[in-house]
Structure formats: C-alpha cells, structure tokens
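Have a look at the model on the screen, and I'll talk you through a few bits of it.

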Amino acid sequence: MEAGMNDSPLVIDVTGINKHFGDKHVVKDLALQVRRGEIFGFLGPNGSGKTTSIRMLCGLLTPDSGQGTCLGLDVLRESAAIKRQVGYMTQKFSLWDDLTIGENLDFVARMFGMERRREAVDRALEELGLAGRRSQLAGTLSGGWKQRLALASCLLHRPRLLLLDEPTAGVDPKARRDFWEEIHRLSAAGITVLVSTHYMDEAERCHRLAYIAYGTLLASGTAEQVVAAQGLHTREISGASLHGLGEALRGLPGVDLVASFGNVLHVSGRDEARLQASLEAFLQGKPLEMAVVPASLEDAFIHLMQGSPDPFQG
Amino acid sequence: MKQRLQNFSQAFSFTFSFSRWFGILLKEFIQLKRDRLTFGMIVGIPIIQLLLFGFAINSDPKHLPTAIVMADPGPFARSYVAAMQNSDYFKIVGGVDEKEANALLDRSQVQFVVTFTPGFHRDLVRGKAPTLLVEADATDPMAAGGAISVLNRLGLEVFAPDLPGLEKTATPPLDLRVHRRYNPEGLTSYNVVPGLLGVILTMTMVLMTGLAMTRERERGTFENLLATPATPVEVMTGKIVPYILIGLIQVTLILLAARFIFDVPMHGNLLLLYAVVLLFICANLTLGITFSSIARNQLQAMQMTFFFFLPSMLLSGFMFPFRGMPEWAQVVGNVLPLTHFLVLVRGILLKGNGIDMVWSSVWPILAFIAVVLGIGLRTFRRTLD
Ligand SMILES: Nc1ncnc2c1ncn2[C@@H]1O[C@H](COP(=O)(O)OP(=O)(O)OP(=O)(O)O)[C@@H](O)[C@H]1O
Ligand SMILES: [Mg+2]
C-alpha cells in the first residue's frame, strides 16, 4: 500500500475487547490497529459483531473487558472526548425523520458546538447537492439519499476519525463511486476511516481489511495478505452448461469451495495437487474448460465464512 | 462499582453547554410543532375535560328523590312538605320511618331524607326554631348544594304568613341541620377546578415526557444523539422545557374557562398560583423523563404513566375525601405530588391563602422532585447497553 503509512501513528489501537449480550458472547478478544489516514475495511457475515465493535470504539457500548485507545484517548474512560472527534454513521438511518434536511444538519452542528454553524451547514448542503431541498423532511428522502445525508451530517464537524457502518447499503453505483472518491480524498487529508461493508469491490478499495465471524477476528491485513493467508488454489471452469455443476463438484476430494461468478465457476482448495487431480478426472470428456486463476478476495471470504480449518487435515 | 461512580460523576458533571441545550430545546419545539396529534391532545384534553366536568359544575339538578320522616305531623310540617314539592327541587317519594329512610339512602334510591323532629310544631309556634334534620347523599356534592339552600329559603316563605312575628327576628325560623353522608368534607363544585388542573397536568405532563426519550430510542435516533457530545443534563432539561410551556398554556386555558364560562370564584394571588403550578409541572416532568429513561419502549413508558396516574387519581383526595381514606392510603397519598397540589390550589384559589401558608405543602413536592431527579440522572443511559 501507500509508502510511509506504516510509520503513521495508530489512531485505533485496542486489544482484548469482549462483549456479551446476556450469555451471548458477541465480540471475542478483538484486537484492531488502524493507522492515521488509513481506510480500514471491516467485513464479516451478518450478526458477526461489526456494528457492536464499532459502537464500542466510539463509546456507545461499554466493553465487558479490554483496553486500548482511540485517537490517543482511553476507550473505556474518555468516551466523551472521543465522541467530539469521531464521525459515526449508523447502519440504520438515525437522523430525525420529522426534521427537515437543513434542521437535521443544523442540530448536529449545534450538538458539536461548531463555530460558523450556518456556513458549515450551507456548504454541506451545497456539496451534497441538496441545497434546493433543504426544507424537505428527512423522512421523505429516498433510501440512498438518506445515506448520503447521514454521511454529510457525520462529516459536518470535521472529525479526525470516521466510523462508517455500511454507509453505501442501498446507494446507486454512481453515488457509490462518488462516495468512495470522497473517502479517498478524506484519507489523503489525513482522516482515518473505518468502514464496514458487504461489497467486495469496496473491500478492494480499502488499504487494509479485517474479517470477523461470530465475534472472532479471523484475518486482517491488505487484501493480498488476506487472500494469501488462506492458501487457496483456484481453477476457473467455463463452458456452455454450468447448471448443477456446482453441486457435483462440491463433494470431490480436494475441493474446499465452489463459488459461481456469473458465467464462470471458481473451484478452490488448499491442496493444489488433489484439486487438480479431482477436477481433471471429473472434467474428462465434458465440454468444459479449466483455467488456473489467482484466488479472489471473495473466494477468500467465502472460505473464511465456511470455517477455516480444512476438514481433511482435521 | 467504579463504573457506577464514574457514571454518576459524569451525569452530574458541570459541563453544561448552553448552546447545546438550546439546540435540543429548539429541536423539541420543531418536532412538537409537526406532531399534530400531540398538539391536538395538548389543547384538546383540557377542553374536553372541562366540558365534561363543566357540565357537572353548571348543573343545578331538580326533582331529587326525597323521603320524609315525620315525627311530628302538624299543619306547618305539611305545608312545608307541600312547599318543598312545589319548589321543583324535591320529589317526595313518601313518608317512612327512620330505619327505612336509612336503607333508601344506602341504596341511593333517595338523595335526601328530611326529618321533622318531635315538637316541631310546638317549637315553631313558640318561636324556638325547631330542628329540621336533613341527611344528604353527598357523593355528588353538586346535586346536594342547590337543594339545601332552597330548604333554608322555604322556611321563611312558608311560615311567615302564619307567624307574623317571624320576619322581625334575626334568627332563622328553622334550625336546619345538614348531615352530608358519604362525603363529610362536602367537596363542592368549585373543587373540580383544582382537581382538574392537577389531573390534566399529571396525565399530559408525565405521559408526554415519558414518551419523549423512548420515542428517540424506538426510532433509533437515540444512537445518533448519544454519538454527539450532549450530556444527560442537557438532554433531559432540554426536553423538559417545551413541556413546561405547554403545561402553563393548559393551566391558563382551564383557568380562563373556569372564570368566564363557569363563574368559579378566584380569591387568591394568581402569581402565587402560577408559581405553585410551575412547581407541580416540574414534579411531573421530572417523573416523566425518568420513566422515559427507565422504559425500553413507548409502550412501557405508557404503562408506567398509568401505573402512576391511577393512585394519583384515587389516593390524592381528587376522587375520595383524603381524611376519609384508610391510614395506609393516606401514607401513599402523601407521597404523591397531586395530593399536595390539590391542597395548595384549593387554599390559594378558594380560600385566598397567601405565600406564608403554602410551605407545608410545597416541601413534599420539592422532596419528590429531588428524589425522582436523582433516580432519573442515575438511570439515564449514556450508552446503548
Ligand atoms: N442490543 C443488543 N442486545 C442483544 N443482542 C444484540 C444487541 N445488539 C446486537 N446483538 C447481537 O449481537 C450479534 C452481533 O450483532 P451486530 O449488529 O454487531 O452484527 P453485524 O456484524 O453488525 O451484522 P450486520 O452485518 O447484519 O449488520 C448479533 O447476534 C446480534 O443479535
Ligand atoms: Mg451491523
């Protein structure tokens, strides 16, 4: 990734974070290090504890145990000071439906005690392209526009750290690209961004990633590192009729994972020799082609989600 | 424990930002303005209640069933009974003995029992004001009031033509003894206004603030609010103030209607009255906002409100005379702000009590506020846990 990033100071540095809801252990010994100016992707299946972890970072939930700092401030004891410098965008739209767009931004600006509040709100509306609709009720915006308004509101007070929980869910491709360009601009300006997402293309745009499943951090690093750590070898199968092929391939020795990508099928396994042998035998005489491709990030994530220990190696 | 202490000290921290507080206030006002239903409730509840109760205030019921116990039949007594009948206020259901009369009262079959005592005729002729015993079912004091005043007037009208000396004496011709059964305090129609003030304020103030915070939590906006640097004190007081204004508007509506539509007398100092009202509003709002931070959702907040509202209605002296309640009920009643508020407003409005006479009822309300506020600030959740 970008040169020099490894020397940047740590903006998030926490270890051993645990959280229970009742007797459900939702976050287990989480450790995260995010450097200044980094865009850090946070991935994992539904219910894996991403939102819970983000909430603990900005003091909305109290961890049961653990320690660390956020922006150099203690996450357990100095949450009030952390809040002032963090922009948190909730997963669910949480601005006030019965306030107008302008009133929502104005309220947030007041809460953060901003000077030159009016100017800041006007500028935000201008940038958002909502200047003409400032007196529309926020509740009447479409889903995607709500997301964009929420982002604008959490950027309003010029935070040093952005915690974005699935900010682009339901946003159209053009707006999504604009959004990521904005994120990269902010990152270049030294703002740190922790963003959770389910989109692979977004994961690939992050400087570094963490993958969490059922409360446990399973992998972290750059996209390449995460893929490499899975030790997957992948073959791409293409041909006229792929229908029902996935099911047939799934049980073969050496095949850990089958994922379809539109008109092709990715078949991956950790033991390259057995994978190759199985596939060659299977494809004999069928009108299908096989090519060697590098494992993709998605292959890696699906593999992680299936549970990493290889069933043949115990 | 350490965490507890920390929460506590954070809750009471002196970081109070006026501009943040004002921001919250402004937001509440805007939201209130847009919430037509709530707004309608604020104006509608006092008006509807007033009309309902006001009808009762105004009523001067006639033809009330009355039983006569005639211990001394004579011409005077007979003409008196005839005059009662003619007055339209009474419907004589017949002559009975004492035991029967009591049974009729118990079963609410008559409103009054009028007893002509032995020696009625003799005493009257001698100018010795004989006793006329009136037992009134005073559960509905409004009903009893008008009719009893008629009984007094009738005395002169009936007996004057036959006893010419009567008009010159200053003493009334009859010794009218009224026993108000079932309602010894004889709550009169005017007592409805203080009661109404208290009940309406309790209901709307506790309920509306009770919903204020749970609404944020249910809609998910609480998460956004928590992510800002706003402190519990700022949020709580910022949310309370708009409702203080609403409470004052409600009180003014009720007082204006009481004065100009229903002619309720107002003896006391209005400024003092408003000061007392303000105190009472604060007590209810503090409770509401505390319910709001304890309850998980709006339904729970509503249930808590009614759980509080019911004893307030029943044990404060609004429904039943306070002194007539069993001891334990009086103890519970004394904790409720409404009990003391009723005493205060009755004292100020009807008796013209001054500032020197209110303290004994003010401090229990102050104590209530202090305790509830303490609980509220402690239970205010500054996290989503
Ligand atoms: N307030 C709560 N009370 C009880 N359980 C909770 C609470 N919040 C979250 N959980 C549970 O904690 C687990 C993790 O939830 P979390 O919202 O952190 O997942 P997530 O990774 O953000 O999922 P998604 O991708 O669907 O947003 C889930 O099993 C959820 O049911
Ligand atoms: Mg989530």
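Predicted model: local features only at pLDDT ≥ 70, side-chain atom pairs only at ≥ 80, totals over all residues.

Residues are numbered from 1 along each chain as written, chains are lettered from A and ligands numbered from 1 in the order written, and side-chain values use heavy atoms, leaving out hydrogens and water.

Back to the pair: the axes of helix H2 (residues 18-34) of chain B and helix H10 (residues 232-260) of chain B come within 8 Å and cross at roughly 45 degrees. Axes here are lines fitted to C-alpha atoms, over the stretch in contact for helices, with angles from 0 to 180 degrees between N-to-C directions. Helices are DSSP runs of H or I, at least four residues, and strands are runs of E, at least two, numbered from the N terminus.

Now the sheet. Chain B has an open one of five strands, ordered S2-S1-S3-S4-S5, with mixed pairing; strands pair if DSSP finds at least two bridges between them. Strands S2 (90-95) and S5 (175-181) of chain B are at the edges with a single partner strand each, so one side of each has no neighbour in the sheet. Five bridges join S3 (residues 112-116) of chain B to S4 (residues 131-137) of chain B, and these run antiparallel. Val113(B), for one, sits opposite Glu135(B) in S4(B).
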